[in-house]
Amino acid sequence: MIDSTVAPIVVIGAGICGVSTAIWLQRSGHQVLLLDKGSPGMGASYGNSGLLAAWSIDPVSSPQLWRDAPKYLLDPNGPLFLKWASIPSLLPWLRQFMSHANDTSTRRIIGHLSPLLYDSVEQHKSLVRDTTLQRWVRDSKFSFVYPDLSAFNADAYSWKMKALADLVPTVLTGAAVRETEPMLGDTFNCLAVLEGQGHITDPGQYVAELADHFCHEGGRFVKAKVVDLGKQNGCVTQVITDQGPIPCSAAIITSGIWSKDLMKKIGLNIPLAAERGYHVVFQNPSQLPNDPMLITTGKFGVNAMDMGLRCAGTVELGDHHAAASRAPIKLLHRLTRKAFPQLEYSGTDEWMGFRPSMPDSKPLIGEIGNSKVFTGFGHQHIGLTAGPKTGRLLTNLIDGQLPNIDLEPFSPDRFRQ
Ligand SMILES: Cc1cc2nc3c(=O)[nH]c(=O)nc-3n(C[C@H](O)[C@H](O)[C@H](O)COP(=O)(O)OP(=O)(O)OC[C@H]3O[C@@H](n4cnc5c(N)ncnc54)[C@H](O)[C@@H]3O)c2cc1C
């Protein structure tokens, strides 16, 4: 139980994880200070696909990766890229990541991620309930788009895993595909449709408005870069920023990919790597999908957003300091043209962001020992989906309440020696 009457709880990083945490802490009666080196919602939370992906329980490191990764790397239209210069420093992470690419690990990870993800649409609705932000959270179906039934069948392992969480699609072929999504070109002839999903139509603006809501309700946001944490008797007492020290009753690290540097400052070497992802927004599009979808051949999400049609995805393994590459952007253009051959638009906007990814695909949610330093980062492909629940779970821990899911698998202490 943290007493925040004398000094605030400081939340470091105003992406979806940090902003959600700040709001739930504030609702629980805490004095909360939210810090970010930039404006809220400008990190990975800015440019993602906007999918509330409760279905994304099966990790990228599935046994299928042994089959798919070499194929993707050799195929110029494959969705996996490597920044070759970063490979030596990424090797330990890659080794650990691939050690999970087996059936046993996949089932274990699914068992851990399912309780975090299954109610994500409801969690977002709870976060915005009785606020002016309710319009952001949309119910939808979600379609996985395949060239044909045999491509869907080749994905059988992934669907067998999703079925463990009762995620069973309706499979459409032939004319039903174009009746459901008329903008799809004739190279795509199979849809696997899940009901009861959700999406956000501008994730960056959503997070910015959540931060405004936090301030409107009495919370404080300060633009400052955190450079270290100050401790006394093993407990954090200060957050040290580029503008000076700030006393705190607890500190919560929700700094996305940059959390790795802060964790290093407190003596923990966390194997967090950047899965770099890209988006292209097609402005003033002539067509929009009826519901969000995933083009499975290119592993990118397609979502009708306020600013246009956003196609976002691909994975490029590399350092988050390295410049953006052109190849993933060109691929998104190429594959979008193939998927939607009739699409016209007035211009495009392009972006790169960093998925903060752990080799075991599980975010770090919990307290580091009894240090009053808490973590809420490492959400890989599902940070928008799981951010609000992460904030609620951290609030439970800070209030000394027993969370309603087992947080042991997410404990940051799994990296303490
Ligand atoms: C192309 C792409 C598509 C994606 N699609 C989806 C999707 O459809 N659904 C989904 O659920 N997820 C998706 N994701 C993943 C999702 O975007 C991330 O998991 C999520 O945004 C991570 O949120 P975060 O709050 O942890 O980090 P971020 O949003 O990156 O926020 C971290 C914040 O911390 C701040 N910060 C960092 N260091 C410091 C410091 N030292 N001091 C102060 N502030 C600091 C940063 O400025 C930043 O604002 C996608 C990601 C990409 C790249």
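**Notebook: ligand shell, domains and sheets**

I started at the ligand and found 44 residues around it, the closest being Gly15, Gly43, Gly256, Gly277 and Gly383. A reminder to myself: this is a predicted model.

**Entry 1, the ligand shell.** I sorted the residues of the shell by type and got 18 nonpolar, 22 polar and four charged.

Next I asked myself which elements each supply at least two residues of the shell. My list has the helices H1, H2 (44–47) and H13 (383–398), plus the strands S2, S13 (273–283), S16 (308–317) and S17 (347–357). H13 gives the most, with four residues.

I looked up the domain assignment of the protein chain. Domain 1 is put together from 9–45, 205–269 and 360–415, and domain 2 from 54–101, 134–199 and 272–357.

In the contact, 15 residues of domain 1 touch 15 residues of domain 2. On the domain 1 side, I count five nonpolar, eight polar and two charged residues.

I traced an open sheet of six strands with mixed pairing, in the order S8-S2-S1-S12-S19-S18. Which strands stand at the edges? They are S8 (220–223) and S18 (364–367); each has a single partner strand, so one side of each is left without a neighbour in the sheet. From one strand to the next, the twist averages 20°.

I then zoomed in on one pair in this sheet. S1 (residues 9–12) and S12 (residues 250–253) run parallel and are joined by four bridges. Val10 is the residue I found opposite Ala251 of S12.

Helix H1 (residues 16–27) lies across S1, S2 (32–36), S12 and S19 (373–377). Its direction is at about 170° to S2.

I found another open sheet, with three strands in the order S9-S10-S11 and antiparallel pairing. S9 and S11 (244–247) are its edge strands, each pairing on one side only. The twist here averages 30° from one strand to the next.

S10 and S11 are joined by four bridges in the antiparallel sense. In that pair I found Val239 opposite Ile246 of S11.

I followed the chain through two hairpins. S14 (residues 293–295) and S15 run antiparallel with three bridges between them. This hairpin has four residues between its strands, and Lys299 in the turn has a positive phi of about 50°. Ile295 is opposite Phe300 of S15.

The next hairpin, S15 with S16, has two residues between its strands. Six bridges hold this antiparallel pairing in my notes. Phe300 turns up again, now opposite Gly313 of S16. I wrote down both partners of Phe300: Ile295 and Gly313.

Is S15 mostly covered or mostly open? It is mostly covered: five of the six residues in S15 (residues 300–305) are buried.

Asn233 has a phi near 50°. I placed Asn233 in the loop between S9 (226–232) and S10 (235–241), two strands of the three-stranded sheet.

Ser361 has a positive phi of about 60°. Ser361 is in the loop between S17 and S18.

Why do I call Asn233 exposed? Asn233 has 6 C-beta neighbours inside 10 Å, so it counts as exposed; the cut-off for that is 12 or fewer. Ser361 has 26 C-beta neighbours inside 10 Å and therefore counts as buried, where the cut-off is 20 or more.

How values were computed
Residues numbered from 1 in each chain as written. Predicted model: local features only at pLDDT ≥ 70, side-chain atom pairs only at ≥ 80, totals over all residues. Pairing = 2+ DSSP bridges. Axes fitted to C-alpha atoms, helices over the stretch in contact; angles between N-to-C directions. Contact = placed C-beta atoms within 7 Å. Near = placed C-beta within 6 Å. Nonpolar A, V, L, I, M, F, W, Y, C, P; charged D, E, K, R; others polar. Domains from an automatic or database assignment.
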